[in-house]
Amino acid sequence: NYDIPEDPDLYVHRIGRTARAGRGGIAWTFVTPDQGALLTAIEKYTNTEVPKQEYDDFEPGPVPADVLAERQRDAERRNQAKDRGSREAAPPPVEAIPEDERQDLFPGGAVPKSPPTRRLGGRVRTRRR
């Protein structure tokens, strides 16, 4: 296997074809560090540990141009998302609000000094994964 399927069930089906009708067999799967979560999902699904074998004398070749381009696009998307921040405009600072209007915004005159401790950041957590 040169790649790990996204679905652990497909991986189990693929590996099951290695040894048919009671025969033995060995399946090799090449895993890169960014595919570690997929391998962990497979191990949980099958309730087994896939043995790891490393080759110390292996030296990877150059990274393909399409992979470098995809990494660059991903980095640009992350930077743009970070620059955008929240989708909502930031409220004006409290000092910019006239004193008489502050009472309407903050009942009792208690003006917050900092934002709330936890913010969802546009994402709502659920119990589903």
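Q: How many helices and how many strands does the protein have?
A: In this predicted model, the protein has four helices and zero strands, and, read along the sequence, the elements follow the pattern α-α-α-α.

Q: Which share of the residues in the protein is buried?
A: A residue counts as buried when its relative accessible area is under 20%. By that cut-off, buried residues make up 9% of the 129 residues, while the accessible surface of the protein comes to about 12500 Å², with 51% of it belonging to carbon and sulfur atoms.

Q: Among contacts between residues at least 6 apart in sequence, what percentage join residues at least 24 apart?
A: Within that set of contacts, 46% join residues at least 24 apart.

Q: What volume does the largest pocket have, and which residues lie nearest its centre?
A: The largest pocket has a volume of about 1300 Å³ and is lined by 29 residues, with Thr29, Phe30, Val31, Thr32 and Gln53 lying nearest its centre. The lining divides into 19 nonpolar, five polar and five charged residues, and α1 (8-16), α2 (36-46) and α3 (65-84) each supply at least two of its residues.

Q: Where does Asn47 lie, and what is its phi?
A: As a general idea, most residues other than glycine have a negative phi. Asn47, in the loop between α2 and α3, has a phi near 55 degrees, which is a positive value in a residue other than glycine.

Q: Is Asn47 buried or exposed?
A: Because its relative accessibility is 72%, and exposed means over 50%, Asn47 counts as exposed.

Technical notes. Residues are numbered from 1 along each chain as its sequence is written. This is a predicted model: local features need pLDDT of at least 70, side-chain atom pairs count only at pLDDT 80 or more; totals for chains, interfaces and linings use all residues. Side-chain values use heavy atoms; hydrogens and water are left out. On a 1 Å grid over the protein atoms alone, a cavity is a set of points where a 1.4 Å probe fits but cannot get out, and a pocket is an open set with protein on both sides within 12 Å along at least five of seven lines; lining residues have an atom within 4 Å of a point. Grid points are joined across faces, edges and corners, and a volume is the space filled by probe spheres set on the points. Ala, Val, Leu, Ile, Met, Phe, Trp, Tyr, Cys and Pro count as nonpolar, Asp, Glu, Lys and Arg as charged, and the others, Gly among them, as polar. Buried means under 20% relative accessible area, exposed over 50%, partly exposed in between (1.4 Å probe, protein chains only). Contact means heavy atoms within 4.5 Å. Accessible areas come from the Shrake-Rupley method with a 1.4 Å probe; for residues, only the protein chains shown count as cover.
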